[in-house]
Amino acid sequence: MARKIKKALSLVKDFQAIAFRIGREEYALRLADVQEIITTPHITRVPKAPDYIRGVLNLHGNVIPVIDIAKRFSIGRTNITRGGRIVVVEVGGEIVGLAAEVVSNVTRLPQDSIKPPPPLVAGIAADYLEGVARMPGRFLIFLNLARVLETENDRTEVANDAREAKHS
Amino acid sequence: MSIDKNQLQRVFLQETADLLESLESTLLDLEEKPKHDELADQFMRTAHTLKGSAATAGFDDVADLSHRMEDMVELLKSGRTSATAEYFDQMYKSLETLRRGLEEIAFGRSHSQELLAAELELGQWLEEMGAAEQDASQNHKAEGDNFSLGEYDRIRLKVLRKREIAPLVVKVDFAQEDVDKPGTALKVIAALKSNGDLVATVPPESELDQVNQSGNLLALFGGKLDAGQLRQLIEKEGATGCDATPYVESQNQLEKEESQSLVQPLLAEKTVRIEMEALDDLLRLVGELMINRSRFDQIAREFEAVLDDAVFSSDITGSAEILGHLTAELQSGIMQARMVPVARVFRAMKRQARKTARLLKGRVRIIASGEQTELDKKLADFLDQPLTALVEELIRATADRAGLDDVQVFRIGAERKGNQVSLIVEGSGSIPQSERISRILAAFSEYGGRLETIKANDSYRLLLWLPITLAIIPVMMVEVGEEVFAFPLEVVQETLRIKASEVSTVEGKRVTELRGEALSLLYLDESLEVERSTAGEGEYLSAVVIDYGSKPIGVVVDRLLGKKEIVIKPLSKRFGGVEQVIGSTILGDGRVALIVNARALADSSAVRAA
């Protein structure tokens, strides 16, 4: 009986994650943070946009940007094909799509699986990451979405707001 | 007609938004021209209306505060208080409290405390300033109150007024030694009745023996007698004296009357209030309708190409055309419904100017024109924040540079030109520069806005061009490589087919000739970095000629796809906010097409007018 309860409790403390592959790495997000996953539709390129914005797409009548994480971390380039996937997430009140090559099945992980990352993981600075999780034969890199999608603008805005607050 | 309380309350809440706006607007004007009695009267009338309907709807706190504000302006008008900054501070503060109180009511929350506090504040002010005279008028009120008038009596008063006879309160005194005061009273009453209209008496005719205690009689009388004649008449009957003063209608009666008459018109209004969301939904549906309509067009064309049956295909194209017309009209109607005057934005700017000036201990005047110019509500809502920030920054920068000792005058205006509206901000001196100002101005270009700066000797002018609506615009669709782009029709002068052989290169720039003048060319595939599989064109090039300052520019594309009306889908500001792109739209096949900011394109490429 105690074992059953313990198992039930541990199930409750587990969480679900979705992993997607770009190049050789497997990135992961908590399932709760993912809005939906769609097959890559036509992507309209936006000229003169930063290189990690691969374009925009039509998601249920809304136009959302497509972000290439590999480009964002300057560690390569995601191969975007019509058969690929877009992981749709919401960050800072905005909906964006992350380009992925392959998306794995949903994985269940124990609560404490995510460990603090070493300073540099696969060429990515630690503050972009929530942590890493080791699984049999796999190494999942959990992204800190807010930091990943933070732009220069956001940083200057925050600094400006702080300055203004001091002056007024 | 029985009107239930809920209905009354709903109607009341709907109307208060307008009343509040009017109060604020009038207050701002009054501050600039405190001696203009019409403004004071207008404020008092509006406050009075608000008070009346609030009382009828059962919101006594709101009614009382409105009443006090009315009194405050009366104080100003009569000169018993002066138009100081503190006075207006207090008035704005009370107006804010009133607004908040009404908001609370609308949300079903309790509001009394704040409103009561505000009312007390005003009450104090009124006491200090207008104490003496207020007592006098209180007395009038007291006398007025003594008459308990029935419906019939009030109608008689109305009739008197219509005949331009001012009703009087006649106080008749009886001699001490008069042993038959009631008898004298009766005689006085009879005399009054035969010389005019006696509406009511205190004590009433049925209880005249009460004059034994009071020693006097109050009569509400209307007649064509002057004071002297009246006295003669009354003294003839044996009274010792009489005092006639104009009848001041007791407040309660006035309110009830006025608010009764207010409610009927309210319910018979020809306008309807509609939630912005509902309009947004309608607009979205129209957008979908338009997308589907173009699909229909496409299908109709495909049918035409395939079918041999001329009649059938012309039926389809005929219907498609009609559908097109209907959709266009529907869309136009909804767009029109979303238009609001820019006055609201101007009011917000004036408010901000006043606030900032007070903070910096200076004085600022804002002169507005073109307030009735209309634009899409979404646009107006968007403009609120950047424009008030702009006003604040301009004033601060001016203060930094030159101090605010003199009254700084700013002019703001709005003008409609076709599908665009231009907002003008004018100030004296040289243009104030600051990082914040630059940022605010940059924000406008996101919405397809264009900024023009005009400097004169001792003044500057900021001209902000904006599309009238953010929602739907007519565009010229073009194709480059495999991608589709849209040019807002606003900037398109015409379209051209140019012979490839007629393009020459002058100092590294390509030009052609258009009606005797040189036309600079810009190749869209180059400036947007679009990959093209077929590098070599045929004999002819297609180009869209766009306005660009004094000289137009020809934008060379692969194919012209024709004019269309599209729904603008904004691009994310954080990602993909690119200067050359105003927004995007969704095509019939589900793909996203970008709307090109032609001017920014020309700016950023090396093409300048030849």
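# A tour of chains A and B

Start by selecting Ile546(B), whose bridge partner in β19(B) is Ile553(B). The two strands here are β18 (residues 540–546) and β19 (residues 553–557) of chain B, which pair in the antiparallel sense over five bridges; strands count as paired if DSSP finds at least two bridges between them. Helices (H or I, at least four residues) and strands (E, at least two) are DSSP runs, numbered from the N terminus.

The model is predicted, so local features need pLDDT of at least 70 and side-chain atom pairs count only at pLDDT 80 or more, while totals for chains, interfaces and linings use all residues, and side-chain values use heavy atoms, with hydrogens and water left out. Residues are numbered from 1 along each chain as its sequence is written, and chains are lettered from A and ligands numbered from 1 in the order in which they are written.

**The six-stranded sheet.** Now select β14, β18, β19, β17, β16 and β15 of chain B, which in that order make an open sheet with mixed pairing. At its edges are β14 (492–499) and β15 (504–506) of chain B, each pairing on one side only. On average, neighbouring strands of this sheet are turned by 40° against each other, direction ignored.

**The five-stranded sheet.** Next, bring up β6, β8, β9, β11 and β10 of chain B, an open sheet in that order, again with mixed pairing. Because β6 and β10 (450–455) of chain B stand at the edges with a single partner strand each, one side of each is left without a neighbour in the sheet. From one strand to the next, the twist averages 15°.

Within this sheet, β6 (residues 364–369) and β8 (residues 408–417) of chain B run parallel and are joined by six bridges; along them, Ile367(B) stands opposite Arg411(B), and Ala368(B) stands opposite Ile412(B). On to β9 (residues 420–428) of chain B, which pairs with β8(B) in the antiparallel sense over seven bridges, with Arg416(B) facing its bridge partner Val421(B). Two residues lie between the strands of this hairpin, and Gly418(B) takes a positive phi near 65° there.

Show α13 (residues 343–359) of chain B, where Arg347(B) has its place. Is Arg347(B) buried or exposed? With 12% relative accessibility, Arg347(B) counts as buried, a word that means under 20% relative accessible area, against over 50% for exposed and in between for partly exposed (1.4 Å probe, protein chains only). Neighbours within four places in sequence aside, Arg347(B) is in contact (heavy atoms within 4.5 Å) with Glu21(B), Glu24(B), Ser25(B) and Leu28(B).

**Two crossing helices.** Select α11 (residues 276–306) and α12 (residues 310–337) of chain B, whose axes come within 9 Å and cross at roughly 160°. Axes are lines fitted to C-alpha atoms, for helices over the stretch in contact, with angles from 0 to 180 degrees between N-to-C directions. The residues of the contact of α11(B) with α12(B) divide into 17 nonpolar, five polar and three charged, where Ala, Val, Leu, Ile, Met, Phe, Trp, Tyr, Cys and Pro count as nonpolar, Asp, Glu, Lys and Arg as charged, and the others, Gly among them, as polar.

**Last stops.** In helix α15 (residues 435–445) of chain B you will find Ala443(B), which counts as partly exposed at 24% relative accessibility. The C-alpha atoms of Ala443(B) and Pro386(B) are separated by 7.9 Å, although the two are 57 residues apart along the chain. Finally, switch to chain A, which has four helices and 13 strands, and in which buried residues make up 43% of the 168 residues.
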